[in-house]
Amino acid sequence: MRPLVVLGLVLVLAAGVALDGVDGAGECGRASADRVALRLAPCVSAADDPQSTPTSSCCSAVHTIGQSPSCLCAVMLSGTARAAGIKPEVAITIPKRCNMADRPVGYKCGGTYVHVF
């Protein structure tokens with residue numbers, strides 16, 4: 001069921017890309033956090049279960065996006081993530097579960113101080 005939700009979000013966002021008039025750079029550069037969130041589709045199961053081991057494709061995407069902690073935070077709190085049923089408190093543990101040595105620790109994300117980020 002979850003892959004269908006993600007696929008639906010991809011289709012909705014793909015249809016809206018033509019209408020996406022990004023004038024300046026945000027947390028994720030010129031791309032919106034909602035568009036960047038689509039790159040984390042391989043992480044859907046890891047975002048459900050804090051005990052699971054994320055796939056290598058998930059860890060690769062998180063490592064790339066995680067180069068900007070503010071972008072990763074914005075993605076995890078994005079409308080796309082919320083619509084997919086992603087729990088930010090579980091999603092923020094993925095960089096640690098991916099053994100990202102250069103992950104930010106103690107980053108303030110959405111008004112919450114994140115200790116495991």
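Cys-43 and Cys-58 form a disulfide, with 2.0 Å between their sulfur atoms; a disulfide here is a pair of cysteine sulfur atoms within 2.5 Å. This is a predicted model, in which local features need pLDDT of at least 70, side-chain atom pairs count only at pLDDT 80 or more, and totals for chains, interfaces and linings use all residues. Residues are numbered from 1 along each chain as its sequence is written, and side-chain values use heavy atoms, leaving out hydrogens and water.

**Disulfides**

- The structure holds three disulfides.
- The link of Cys-43 and Cys-58 is right-handed, with 110 degrees about the S-S bond.
- Cys-43 sits in the loop between α2 and α3 and Cys-58 in helix α4, 15 residues apart; helices (H or I, at least four residues) and strands (E, at least two) are DSSP runs, numbered from the N terminus.
- Cys-28 is joined to Cys-71, and both are buried, meaning under 20% relative accessible area, where exposed is over 50% and partly exposed is in between (1.4 Å probe, protein chains only).
- Cys-59 is joined to Cys-98, and this link is left-handed, at -85 degrees about the S-S bond.

- Leaving aside neighbours within four places in sequence, the contacts of Ile-65 include Cys-71, Leu-72 and Val-75, contact being heavy atoms within 4.5 Å.
- Six of the eight residues of α5 are buried, among them Cys-71, Leu-72 and Val-75.
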